[in-house]
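Student: Could you take me through one part of this model in detail, the charged side chains that pair with each other, and then show me what surrounds that picture?

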Amino acid sequence: MKRIFYSMIALAITAMTFTSCDDVPMPYNMPNFSETEEPVVVAPTGTGTKEDPFNISAANNYIANGGDANATVYVKGVISLINSIDTGQYGNATYYISDDGKTTTQLEVYRGFYKNGDKFTSEDQIHVGDEVVVAGKLVNFNGTYEFTTGSKIVYQNGTWYETTGGGSGIGTPMGEGTEASPYNVAGVIAKANTLSESDKLENIYATGIVSEIKSFDSGRGQISYYISDDGQKTTQFYVYGGLGKDGAKFTSQDDLKVGQKVIIVGTLLNYKGNTPEFQYGNKIVSIDGEGGSGSGTGTGVTPTVSGTTVTVTNPNVTAGSTTVTIDLNTQGFTNQQEVTSVTLSDGSTITFGKGEGTTTPKFYTATKGVRMYAKNTIDFACKSKIAKIVITCDSYSGTDYTGNPTQTVSFDGTKATYINEHTAATGGVQLRVQTITITYGE
């Protein structure tokens with residue numbers, strides 16, 4: 001009797017297995033599911049066009065309300081999880097995007113293609129944290145909301161690959177990259193796209209109109225900003241850590257304005273293999289026009305160090321009484337584990353990144369925290385405006401591992417980016433982070 005009973009159970013399990021689709025992820029990867037985080041409700045925005053793409057909430061509503069499964073729609077989001085990237089015969093990838101980069105409320109991109117429909121040729125062409133716009137067909141596949149096969153990435157980290165009428169979306173490349181014939185923005189992006197992640201080209205000249213100010217680093221006198229051929233944000237080129245005319249330091253974010261036309265010389269690279277940019281330390285050769293008001297509000301400051309405590313204060317935000325603290329030694333990391341992101345008790349997130357360095361951040365039990373190497377980054381995405389960040393660090397054999405003297409933090413409202421900046425991609429002083437305390441503004 002028992003044998004018959006067990007046989008019936010086995011047949012039932014087998015039947016359930018054959019009626020399931022092996023293309024559907026397991027529950028721990030399904031959109032709108034998390035064992036550790038409550039989904040964050042984001043208001044639906046967008047109309048699904050290239051000019052006004054859906055966010056994830058709006059895309060989910062589109063599917064739930066029976067939107068046309070044969071229509072091409074556009075959805076913007078942040079890559080939150082990558083399941084697979086096929087660089088062989090099929091050249092497609094399965095990944096997820098969300099409104100906040102978290103894995104709680106996601107939309108699956110099933111077997112989608114790379115920029116403008118190209119096949120994937122490298123696993124480094126997309127990364128968790130990339131900002132993208134995906135174009136394709138939205139469907140409800142057996143309860144899973146997804147882009148069905150054949151979608152394409154049309155925007156990634158500041159660069160549009162598609163124009164309204166089709167094509168590459170980066171205009172007509174012009175110039176030779178020399179002082180006498182600088183690249184236009186389309187040209188410098190096209191040139192950067194020929195570079196591998198490790199390649200660099202020095203003394204490259206490019207010209208464009210300042211289209212967006214990202215942040216100002218008062219300690220180093222540098223502004224990070226974008227330029228475009230038409231002054232709009234459709235196709236932009238990133239100028240990271242730029243200096244002023246002839247290499248002079250900026251004294252204020254207002255020293256550079258959206259709408260001004262500039263010629264820049266610097267070191268060209270293709271950051272992470274997908275983001276064309278000038279490396280920090282580039283300089284403006286010429287600048288014309290008064291421009292308009294800047295569109296960015298970022299402020300960069302240099303942290304202060306006292307013993308093993310690193311403190312950085314946002315000069316534009318008055319500190320309130322609300323704080324949140326995380327102890328990295330209590331997060332269950334294993335020794336030498338690479339650390340990507342952690343979630344604080346109030347739902348804010350901290351993301352550790354390799355940046356322009358050569359080594360990824362790792363947890364060490366001896367350190368009781370995460371080791372940040374040269375040019376590694378920490379990105380903060382918090383629930384309220386950040387007024388102050390305090391980091392306690394490790395000390396070993398007489399050395400306080402509090403980071404490099406050139407480290408910098410850029411604030412932008414509820415967000416901040418901490419860079420253990422250094423003159424090279426290796427060496428310097430590690431920032432060995434044990435605890436982080438964030439104080440919010442009033």
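Tutor: Let us begin with two charged residues, Asp 394 and Arg 432, each of which is buried. The model we are looking at is a predicted one, and every value below was computed from it. Asp 394 and Arg 432 form a salt bridge, in which the closest N and O atoms are 3.4 Å apart. Asp 394 lies in the loop between strand S25 (386-393) and strand S26 (395-396), while Arg 432 belongs to strand S30, so the pair ties together parts that are 38 residues apart in sequence.

Now go back to the salt bridges, of which the structure holds 4. Glu 421 forms one of them with Arg 220, and here the closest N and O atoms are 3.4 Å apart. This pair links distant parts of the chain, for Glu 421 is in the loop between strand S29 (415-419) and strand S30 (431-441), whereas Arg 220 is in the loop between strand S9 (200-217) and strand S10 (222-228), 201 residues apart. Both Glu 421 and Arg 220 are buried.

Glu 421 also meets the side chain of Lys 375 in a salt bridge, with 2.8 Å from N to O. Lys 375 is found in the loop between strand S23 (369-372) and strand S24 (377-381), and Glu 421 in the loop between S29 and S30, so that pair, too, links distant parts of the chain, 46 residues apart. Lys 375 is buried, as is Glu 421. Through shared partners, salt bridges join Arg 220, Lys 375 and Glu 421 into one network.

Next, consider the aromatic rings. A pair of aromatic rings is described by the distance of the centres and the angle of the planes. The count for this structure comes to 7 aromatic pairs. One of them is formed by Phe 54 and Tyr 62, a tilted pair with 5.4 Å from centre to centre and 45 degrees between the planes. Phe 54 has a relative accessible area of 8%, and because buried means under 20%, it is buried. Tyr 62, with a relative accessible area of 18%, is buried by that cut-off as well.

The rings of Phe 237 and Phe 278 have centres 5.2 Å apart and planes at 85 degrees, so this pair is edge-to-face. Phe 237 lies in strand S11 (residues 237-245) and Phe 278 in strand S13 (residues 275-278), so the pair ties together parts that are 41 residues apart in sequence. Both Phe 237 and Phe 278 are buried. Elsewhere, ring pairs link Tyr 226, Tyr 238, Tyr 240 and Tyr 280 into a cluster.

Notes:
Residues are numbered from 1 along each chain as its sequence is written. This is a predicted model: local features need pLDDT of at least 70, side-chain atom pairs count only at pLDDT 80 or more; totals for chains, interfaces and linings use all residues. Side-chain values use heavy atoms; hydrogens and water are left out. Rings of Phe, Tyr and Trp (its six-membered ring) pair if their centres lie within 6.5 Å; planes under 30 degrees apart count as stacked, over 60 as edge-to-face and the rest as tilted. Buried means under 20% relative accessible area, exposed over 50%, partly exposed in between (1.4 Å probe, protein chains only). Helices (H or I, at least four residues) and strands (E, at least two) are DSSP runs, numbered from the N terminus.
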